[in-house]
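Have the structure open and follow along.

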Amino acid sequence: MSKTDFTELKKFLSTTRKIAIVAHKSPDGDAIGSSLGLYHYLMYKGHSVQVIMPNDYPTFLKWMPGNDKIVLHEGNEQNAEALINDAEVLFCLDFNTPSRAFGLEEVLRKSDNLKVMIDHHPQPDGFVDYMLSDTSSCSTAQLIHRFAQMMGDKIPNKESGACLYCGIMTDSGNFRFPSVTSETHRIVADLLDLGVKHDEVYNSVHNTSSEHRLRLLGYCLDDKLEVHSKYGTAFISLSLDEKKRFRFEKGDMEGTVNYPLSIEGINFSAIFIEAEGLIKCSFRSIGDFDVNLFARAHFDGGGHRNAAGGRSDLSLEETKK
Ligand code: 5GP
Ligand code: MN
């Protein structure tokens with residue numbers, strides 16, 4: 001059973017420790033933002049801290065302070081695994097089951113360090129010693145602010161603040177999802193007071209696309225959108241050939257899945273992206289239709305009620321069917 005009382009952890013962290021932070025596969029804004037936000041807080045406290053990601057992530061997340069210190073497991077397996085095994089404390093952020101850490105799954109299961117999960121996904125797996133899990137939180141980044149409070153501290157600087165702001169902003173759909181609460185805005189107010197420039201964070205994430213990416217979005221909406229009004233459903237698919245045509249880079253389809261929901265009466269949207277050997281699926285919904293359950297039942301995936309992902313081993317056509 002994972003502990004939810006952090007009193008002993010607070011004592012343990014009152015002396016300098018070797019700490020590692022990991023987040024989920026194909027990290028998003030919340031995974032990188034919460035990890036680097038926590039990194040700056042723990043460094044400020046005098047700990048020795050290393051952030052490790054299972055694999056690479058889009059360029060629009062690489063502006064965050066501390067990004068240059070992140071070690072990728074994919075391509076640096078031995079080094080990354082040694083860093084994890086060497087840590088006394090391992091923070092697992094923005095995921096709640098070891099398989100979401102992809103290539104790091106075995107290392108996570110076998111390493112005997114003290115493990116702390118901070119996460120907001122449903123149905124957490126109790127693989128950790130300490131767990132701060134709140135499915136009502138719009139982001140893991142928001143929970144890092146709460147974690148600092150539980151440790152008797154505040155977020156110390158604007159470096160940490162900018163990373164947390166990015167995590168909150170991206171996971172809350174720029175503050176428009178129902179999971180955004182007055183607590184979210186109070187936390188964001190604290191971050192702005194530290195000197196975080198919200199317009200700069202927004203521009204760094206959303207206004208740094210390549211021309212190809214914008215044209216790809218146009219193509220997806222014009223040529224590839226399939227609307228099934230009778231079912232309140234619309235989806236977009238993209239093949240390997242089409243990716244090549246638009247010089248696809250990691251992250252270029254990020255956010256595209258949200259557009260079909262802007263059609264009145266559409267409350268379920270999906271995208272199917274062909275990759276080497278699998279189809280990557282993303283699902284979004286408005287209201288009661290639970291895409292976490294849908295992704296778990298049909299696509300070996302999971303996520304939240306209104307945002308989830310998964311995979312398929314069938315062809316693109318069969319997957320759509
Ligand atoms: P996205 O569609 O942006 O890749 O993911 C949306 C949400 O679903 C995120 O919260 C992400 O963590 C979760 N998610 C995406 N893919 C998977 C998957 O393969 N398995 C599980 N369990 N969750 C996923
Ligand atoms: Mn998240």
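What follows is a short report on salt bridges, a charged patch and aromatic pairs.

## Before we start

This is a predicted model, so a few ground rules apply: local features need pLDDT of at least 70, side-chain atom pairs count only at pLDDT 80 or more, and totals for chains, interfaces and linings use all residues. Residues are numbered from 1 along each chain as its sequence is written, chains are lettered from A and ligands numbered from 1 in the order in which they are written, and side-chain values use heavy atoms, with hydrogens and water left out.

## Salt bridges across the chain

How many salt bridges does a search of the whole structure find? The count is 16, where a salt bridge means a side-chain nitrogen of Lys or Arg within 4 Å of a carboxyl oxygen of Asp or Glu. Take Lys45 and Asp153, whose side chains meet in one of these at 2.9 Å, N to O. Lys45 sits in the loop between α2 (29–44) and β2 (48–53), and Asp153 in the loop between α5 (140–150) and α6 (158–171), so this pair ties together parts 108 residues apart in sequence. (Helices are DSSP runs of H or I with at least four residues, strands are runs of E with at least two, and both are numbered from the N terminus.) Lys45 is partly exposed, at 37% relative accessible area; buried means under 20%, exposed over 50%, and partly exposed in between, using a 1.4 Å probe and protein chains only.

Next up, Glu242 bridges to Lys224, with the closest N and O atoms 2.9 Å apart. Glu242 belongs to helix α10 (residues 240–245) and Lys224 to helix α9 (residues 211–224), so the pair links distant parts of the chain, 18 residues apart. Are these two buried or exposed? Glu242 is buried at 10%, and Lys224 is buried too, at 14%.

## A bridge in the loops, and a network

Asp288 and Arg305 also form a salt bridge, with their closest N and O atoms 3.9 Å apart. Here Asp288 is in the loop between β10 (278–285) and α11 (291–298), while Arg305 is in the loop between β11 (302–303) and β12 (307–312). Asp288 is exposed at 69%, whereas Arg305 is partly exposed at 40%. Elsewhere, Asp134, Arg146 and Glu183 are linked in a network of salt bridges.

## Aromatic pairs

Now for the rings. The whole structure holds 17 aromatic pairs: rings of Phe, Tyr and Trp (its six-membered ring) pair if their centres lie within 6.5 Å, and planes under 30 degrees apart count as stacked, over 60 as edge-to-face and the rest as tilted. Tyr165 and Phe175 make a tilted pair, 5.6 Å centre to centre with 55° between the planes. Tyr165 is in helix α6 and Phe175 in the loop between α6 and α7 (182–193), 10 residues apart. Tyr165 is buried at 7%, but Phe175 is partly exposed at 22%.

Phe283 and Phe299 are tilted as well, at 5.2 Å centre to centre and 45° between the planes. Phe283 is in strand β10 and Phe299 in the loop between α11 and β11, 16 residues apart. Both Phe283 and Phe299 are buried. They also belong to a cluster that ring pairs build, together with Phe235, Phe268, Phe272, Phe289 and Phe294.
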